[in-house]
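This report describes selected local features of the structure shown below.

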Amino acid sequence: MRFLVRRNICCRRRNREHLMSVDLKRGETLPIHINMTFPSLPCDVASIDAIDLSGKHEVDLDTNIWKLRLNSHGHIIGTKYLSDLVEKQHTTRNHDDKEHHDGSAKKPHKFSFYKDAENMINKVKKALENGEGCRVYGVLDVQRVAGNFHISVHALNIYVAQMIFGGAKHVNVSHMIHDLSFGPKYPGLHNPLDDTVRILHDTSGTFKYYIKGACR
């Protein structure tokens, strides 16, 4: 809220008038802190998507969002994952700079698309056979307007998704929410969805959570 104080001075007499109005300034973002485990969803297919009332729709967000591969026991695969994250950040930055400055970049060849799709299918199928999961954590910055974000496999090409899962009923989105909070972090604050566990057995489903804010 924004408060405005107006002073009127006339004939040596001072009148003070208080007005209150809604602060309509735009541009500020709301941080959403995410820390979740998906024991049956490989990192290569897990995607964080966001959409809001302004019409902004983003798919497979990866800025300040990290994904760690987990084995069937829930342990991080590999001992050099931290260096892998640093390398990913460095590679992403260089890739963005190249796309921004190099206007002569060639479009991917059709053959390359099918080859990449085949590699993705084989890689994810192997991960599913090995019981791999994914730990998703980081900070998602969104506009301060009504909207939603979801973690799913929507970033996959329809053909690739069909070849991997054979249908939506085979996508297991079981999850554990370690931390899900909105706004600045406060020490000792327990959020409503913290420690939430939703496990699916031999079936598929969609879980939806609604956050409602109130002004006082």
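## The loop holding Asp60

Asp60 is located in the loop that joins β5 (57–58) to β6 (65–70); strands (E, at least two residues) and helices (H or I, at least four residues) are DSSP runs, numbered from the N terminus. The model is a predicted one, in which local features need pLDDT of at least 70 and side-chain atom pairs count only at pLDDT 80 or more, while totals for chains, interfaces and linings use all residues. Residues are numbered from 1 along each chain as its sequence is written, and side-chain values use heavy atoms, with hydrogens and water left out.

Although Asp60 is not a glycine, its phi is positive, at about 55°. With a relative accessibility of 35%, Asp60 counts as partly exposed; this class lies between buried (under 20% relative accessible area) and exposed (over 50%), using a 1.4 Å probe and protein chains only.

Asp60 also takes part in a salt bridge with Lys67, where the closest N and O atoms are 4.0 Å apart. A salt bridge is defined here as a side-chain nitrogen of Lys or Arg within 4 Å of a carboxyl oxygen of Asp or Glu. Lys67 is partly exposed as well, at a relative accessible area of 30%.

## Other salt bridges

Over the whole structure, the search finds five salt bridges. One of them joins the side chains of Lys123 and Asp44, at 3.5 Å from N to O. This pair links distant parts of the chain, 79 residues apart: Lys123 belongs to helix α2 (residues 110–129), and Asp44 to the loop between β3 (29–38) and β4 (47–52). Asp44 is partly exposed, its relative accessible area being 33%.

Another salt bridge brings together the side chains of Glu58 and Lys56, with an N to O distance of 3.8 Å. Glu58 has a relative accessible area of 30% and is partly exposed; Lys56, at 40%, is also partly exposed. In general, side chains of opposite charge can pair when their charged atoms come close.

## Positive phi at Asp195

Most residues other than glycine have a negative phi, and most peptide bonds are trans. Asp195, a residue other than glycine, has a positive phi near 70°. Its position is in the loop between β9 (175–182) and β10 (196–198). Asp195 counts as exposed, with a relative accessibility of 57%, whereas Asp60 counts as partly exposed.
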